Amino acid sequence: MDMSLVNSFDRDNILVARVDDFLNWARASSTWYFQFGLACCAIEMIAAAQPRHDLERFGAMPRASPRQADVIIVSGTVTMTMATRIKRLYDQMAEPKYIISMGSCSNSGGPYWQHGYHVLKGVDLIVPVDIYVPGCPPRPEALIDGLLALHKKIREDTPLRKVS
Amino acid sequence: MEFTEIIARVDQLAPGAFAPAEEGAGHVWVQPEQWLKVAQLLREDPELHFDSLMCLSGHDRGPEQPLWVAYNLHSMDILHKLEVRIEALREGGSIFSVANIWRTADWHEREVYDLFGINFEGHPDMRRILLPVDWEGHPLLKDYTAPDYYRGIPVLKDKRGWE
């Protein structure tokens with residue numbers, strides 16, 4: 001019986017890969033997102049999830065619970081009342097967690113950027129944002145681009161090694 | 001019924017409740033202490049029968065003057081309208097609640113309380129409705145200044161040097 005390594009790969013369907021790459025591949029392929037539709041951007045996020053744009057072909061599946069999600073898509077105007085809730089829900093998510101800020105409002109306050117006591121001037125004031133998607137509101141293509149940018153970021157991650 | 005006819009009818013049923021209407025104003029001022037009685041009357045009198053409160057809004061004319069609340073009434077079977085206004089003090093102003101007469105008033109009164117700080121006496125659930133419960137101040141007042149921080153979150157971004 002030939003026990004050489006090459007034959008073993010052949011016979012037992014073994015693949016060789018870096019564990020980092022394998023984990024990143026798994027993570028990036030199933031970025032389930034916690035839908036945080038707050039205003040008109042939510043309509044575009046919903047459109048992105050519908051069959052025409054089909055976000056699920058990138059492995060992104062809408063979840064209604066932070067405990068099942070890997071990424072929050074904050075889509076819309078974040079009011080002060082909602083800001084404390086976003087923080088709480090973000091804290092409930094399991095690591096690794098990511099945030100896509102979708103639209104001008106959640107990027108910087110949008111039309112309320114200067115005035116408006118009631119609007120948070122950018123969701124990055126309370127939670128760390130990974131990807132900013134510009135637009136008012138961004139088209140579904142822009143959100144898909146943002147999601148792919150997040151995939152790229154996840155693939156470059158080194159979850160098992162400390163970055164020096 | 002026309003505006004003057006409505007006024008005449010109310011004056012007949014509840015004398016002194018309405019202040020003399022200004023010429024061509026389109027609204028009428030109500031004595032605050034008579035409001036509950038007048039509201040009941042406007043709702044239930046068969047000739048007036050204002051069964052719908054279309055809108056209820058607070059107003060502020062500036063720091064020196066009292067606030068007011070405007071009630072826009074409509075009758076869905078007689079098809080006439082009326083706007084009544086009531087003054088309230090800037091500090092600790094209070095008006096009788098009509099939430100039990102027109103259900104519309106429930107949330108609208110809470111909104112006016114939230115943004116102007118007018119208290120509605122006898123309201124079943126007098127809480128803030130839009131802003132967080134621990135918010136300080138009432139933002140639609142002309143002399144309102146936004147706080148710098150809310151629970152450690154900067155409220156207004158410092159944009160000095162941006163322009």
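Is B:D60 buried or exposed, and at what relative accessibility? B:D60 counts as buried, at 11% relative accessibility; buried means under 20% relative accessible area, exposed over 50%, and partly exposed in between (1.4 Å probe, protein chains only). This is a predicted model, in which local features need pLDDT of at least 70, side-chain atom pairs count only at pLDDT 80 or more, and totals for chains, interfaces and linings use all residues. Residues are numbered from 1 along each chain as its sequence is written, chains are lettered from A and ligands numbered from 1 in the order in which they are written, and side-chain values use heavy atoms, without hydrogens and water.

**View 1. A salt bridge joins B:D60 and B:R90.** The N to O distance is 2.9 Å. A salt bridge is a side-chain nitrogen of Lys or Arg within 4 Å of a carboxyl oxygen of Asp or Glu. B:D60 sits in the loop between β2 (52-59) and β3 (67-74), and B:R90 in the loop between β4 and β5, so the pair ties together parts of chain B that are 30 residues apart in sequence. Strands are DSSP runs of E, at least two residues; helices are runs of H or I, at least four; both are numbered from the N terminus. B:R90 is buried too, with a relative accessible area of 17%.

**View 2. B:L89 is exposed.** Its relative accessibility is 58%. B:L89 belongs to the loop between β4 (81-88) and β5 (94-96) of chain B. From B:L89 to B:A14 is 24 Å, C-alpha to C-alpha, and 75 residues in sequence.

**View 3. B:D114 pairs with B:R128 in a salt bridge.** The closest N and O atoms are 2.6 Å apart. B:D114 is in helix α3 (residues 105-116), and B:R128 in the loop between β6 (119-121) and β7 (149-150), 14 residues apart. Both residues are buried.

**View 4. A:K97 is buried without a salt bridge.** The residue lies in the loop between α4 (80-92) and β4 (98-102) of chain A. The nearest side chain of opposite charge, A:E95, is 4.4 Å away. Lys and Arg count as positive and Asp and Glu as negative; His and the chain ends are not counted. A polar atom of the A:K97 side chain lies 3.0 Å from the backbone oxygen of A:Y90.

**View 5. A:E141 and A:R139 form a salt bridge.** The N to O distance is 3.2 Å. A:E141 is partly exposed, at 39% relative accessibility. A:R139 is exposed, at 51%.

Methods
Polar contact = N/O pair within 3.5 Å; in protein donor to acceptor, adjacent residues only side chain to side chain.
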